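User: Hi! Could you walk me through this model? I have a few quick questions.
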Amino acid sequence: MIIGKIRYNEDLLDGLIKVVKEKGIREGGVFLIGALQSAKVGYYDQSSKKYIEIDLPFPQEIVSGIGNVSLKDDEQFIHLHLSLSDSNGNMRGGHLLKGCKVFACEYIIIPSRDLNLQRKYDEQTGLFLLKD
Ligand code: ZN
């Protein structure tokens, strides 16, 4: 298990990709807590099969982030969902997109081996899902 932090001002998604690449982690579980200065998350519209981008340009707590690292075209790919809370404790969230500016973030990565976590395009959903 690896525990570490993503630095102030870093992009959360870029920071996580950097960590798994530096540590040579190709698959496993990812968990995180912390706070963002501003956020951008996605909502996958199932009929248009496109992500709607949701801008949340204000400070929020990362109540929880949960996801995984797998391989897409032999490159590390992070799939993570964020639960965020604002100054009133109201929750929002969604699929982690580039554009989340870190205030503070602590992650836990649990690398796995030999699960062959690879992503492949899925016609039915329009998503790159884990291969059967
Ligand atoms: Zn997602």
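User: Is S70 buried or exposed?
Analyst: S70 is buried, with a relative accessible area of 0%. Buried means under 20% relative accessible area, exposed over 50%, and partly exposed in between, using a 1.4 Å probe and protein chains only. Keep in mind that this is a predicted model: local features need pLDDT of at least 70, side-chain atom pairs count only at pLDDT 80 or more, and totals for chains, interfaces and linings use all residues. Residues are numbered from 1 along each chain as its sequence is written, and side-chain values use heavy atoms, with hydrogens and water left out.

User: Thanks! Where does S70 sit, and what is it in contact with?
Analyst: S70 belongs to strand 4, residues 60–72. Helices (H or I, at least four residues) and strands (E, at least two) are DSSP runs, numbered from the N terminus. Beyond its neighbours within four places in sequence, S70 is in contact (heavy atoms within 4.5 Å) with R26, E75, Q76, F77, L117, R119 and L130. The side chains of S70 and R119 also make a polar contact of 2.8 Å. A polar contact is a pair of N or O atoms within 3.5 Å; within protein, one must be able to donate a hydrogen and the other to accept it, and residues adjacent in sequence count only if both atoms are side-chain atoms.

User: Q76 is on that list. What does its side chain reach?
Analyst: The Q76 side chain reaches the backbone oxygen of I25 at 3.0 Å. Q76 lies in strand 5 and counts as buried, because its relative accessibility is 13%. Residues that Q76 touches include I17, V20, K21, G24 and V69, not counting those up to four places away in sequence.

User: Switching to the metal: which residues are the protein donors of the zinc ion?
Analyst: They are H79 (NE2), H81 (NE2) and H95 (ND1), lying 2.0 to 2.1 Å from the zinc ion. Donors are N, O and S atoms within 2.8 Å of the metal (3.2 Å for Na, K and Ca); water is not among the atoms, so sites may look incomplete.

User: And how are the donor residues spaced in sequence?
Analyst: The spacing is H-x1-H-x13-H. H81 in strand 5 and H95 in strand 6 (residues 91–96) are 14 residues apart, and this pair links distant parts of the chain. H81 is partly exposed at 40% relative accessible area, while H95 counts as buried at 12%.

User: What about the largest nonpolar core?
Analyst: The largest nonpolar core has 25 residues, and L12, L16, L32, L36 and L82 have the most contacts inside it. Helix 1 (12–23), strand 2 (28–45), strand 4, strand 5 (75–85) and strand 7 (101–111) each supply at least two of its residues. Such a core is a set of buried Ala, Val, Leu, Ile, Met, Phe, Trp, Tyr and Cys residues joined through side-chain atoms within 4.5 Å.

User: What does L32 contact?
Analyst: Leaving aside neighbours within four places in sequence, the contacts of L32 include L12, L16, I62, L80, L82 and Y107.

User: Last one: how many helices and strands does the protein have?
Analyst: The protein has 1 helix and 9 strands, following the pattern β-α-β-β-β-β-β-β-β-β along the sequence. Of its 132 residues, 40% count as buried. Among contacts between residues at least 6 apart in sequence, 66% join residues at least 24 apart. For one such span, I3 in strand 1 (residues 2–6) is 105 residues from I108 in sequence and 4.5 Å from I108 in space, C-alpha to C-alpha.
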